[in-house]
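Please keep the structure in view as you read.

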Amino acid sequence: MLKAILVCLFLKQALYSNLYSTTLTNCELQFEVLNAGFKVKGSLEATVVKGYFNPERLEQSQVLIVANPSTINTGIPIRDKHLQRADYFNTTNYPEIELASQSFEKKSGNKFLGKFKLTIKGVTKDCEIVFVMKSFGDEKKYEGVFTINRIAFGVGESSLTLSDEVLIKFSIS
């Protein structure tokens with residue numbers, strides 16, 4: 001009898017944890033920056049290299065996203081090529097941007113805080129990202145927004161016309 005109870009408890013826990021865990025495979029990455037007073041929007045192609053998130057077992061959750069700066073798309077091809085040059089993303093020498101999770105904590109409801117290491121052009125900085133979990137039936141989606149200082153990563157130089165701050169939006173499912 002005790003054996004049957006233990007098996008039932010194990011199965012309940014396994015089913016419960018699988019109900020809330022998500023294997024992440026898709027990533028959309030967008031950015032915004034002010035240039036000469038105008039908001040420039042763009043996107044980068046990104047891949048979830050490692051993606052597992054379980055709000056009930058945050059210590060086991062891991063996310064590694066790799067973006068390809070040579071896929072930058074602002075809607076203006078000549079600007080996109082300029083951003084790939086050595087003074088900005090230097091895509092020849094730095095073909096990847098990496099965002100690697102370090103830890104997660106629950107803030108409230110479906111809101112979480114992730115601590116990440118962000119690497120751009122060989123420079124790695126800690127960043128904290130608040131994101132929300134949205135449920136669509138059995139499917140989960142995670143969305144967040146954070147800001148980086150492009151100068152801290154050696155992306156361009158300080159300028160009177162181009163903002164140092166870049167807003168990054170992501171959606172992972």
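Start with β2, which gives the most to the lining of the largest pocket, with five residues. A pocket here is an open set of points on a 1 Å grid over the protein atoms alone, with protein on both sides within 12 Å along at least five of seven lines, and lining residues have an atom within 4 Å of a point. Strands are DSSP runs of E with at least two residues, helices are runs of H or I with at least four, and both are numbered from the N terminus. Before going on, please note that this is a predicted model, in which local features need pLDDT of at least 70 and side-chain atom pairs count only at pLDDT 80 or more, while totals for chains, interfaces and linings use all residues. Residues are numbered from 1 along each chain as its sequence is written, and side-chain values use heavy atoms, with hydrogens and water left out.

The largest pocket has a volume of about 530 Å³, a volume being the space filled by probe spheres set on grid points that are joined across faces, edges and corners. It has 30 lining residues, and those closest to its centre are Phe31, Ile72, Phe89, Val155 and Val166. Two or more lining residues come from each of β2, β3, β4, α2 (77–84), β5, β6, β8 and β9. By class, the lining of this pocket has 23 nonpolar, four polar and three charged residues. In this scheme Ala, Val, Leu, Ile, Met, Phe, Trp, Tyr, Cys and Pro are nonpolar, Asp, Glu, Lys and Arg are charged, and the others, Gly among them, are polar.

What about enclosed space? A cavity is a set of points where a 1.4 Å probe fits but cannot get out, and the model has one cavity of 30 Å³ or more. About 100 Å³ of space lies in the largest cavity. Its lining residues include Leu24, Phe53, Ile65, Phe131 and Tyr142. The elements that give this lining two or more residues are β4 (62–73), β5 (97–108), β7 (123–136) and β9 (165–172). The cavity lining has twelve nonpolar residues, no polar and no charged ones.

Now to the packing. In soluble globular proteins, nonpolar side chains tend to be buried together. The largest nonpolar core here has 39 residues, and Phe53, Ile65, Leu118, Ile120 and Ile148 have the most contacts inside it. Such a core is a set of buried Ala, Val, Leu, Ile, Met, Phe, Trp, Tyr and Cys residues joined through side-chain atoms within 4.5 Å. Of the elements, β3 gives the most to this core, with five residues. Leaving aside neighbours within four places in sequence, Ile120 is in contact (heavy atoms within 4.5 Å) with Phe89, Ile97, Ile148, Phe153 and Val155.

Finally, the charged groups: the whole structure has eight salt bridges, each a side-chain nitrogen of Lys or Arg within 4 Å of a carboxyl oxygen of Asp or Glu. Glu32, Lys39 and Lys169 are linked in a network of them. Between Lys39 and Glu32, the closest N and O atoms are 3.7 Å apart. Is each partner buried or exposed, where buried means under 20% relative accessible area, exposed over 50% and partly exposed in between (1.4 Å probe, protein chains only)? Lys39 is exposed at 54%, whereas Glu32 is buried at 11%. Lys134 and Glu143 form another salt bridge, with their closest N and O atoms 2.7 Å apart. Lys134 is partly exposed at 35%, and Glu143 is partly exposed at 25%.
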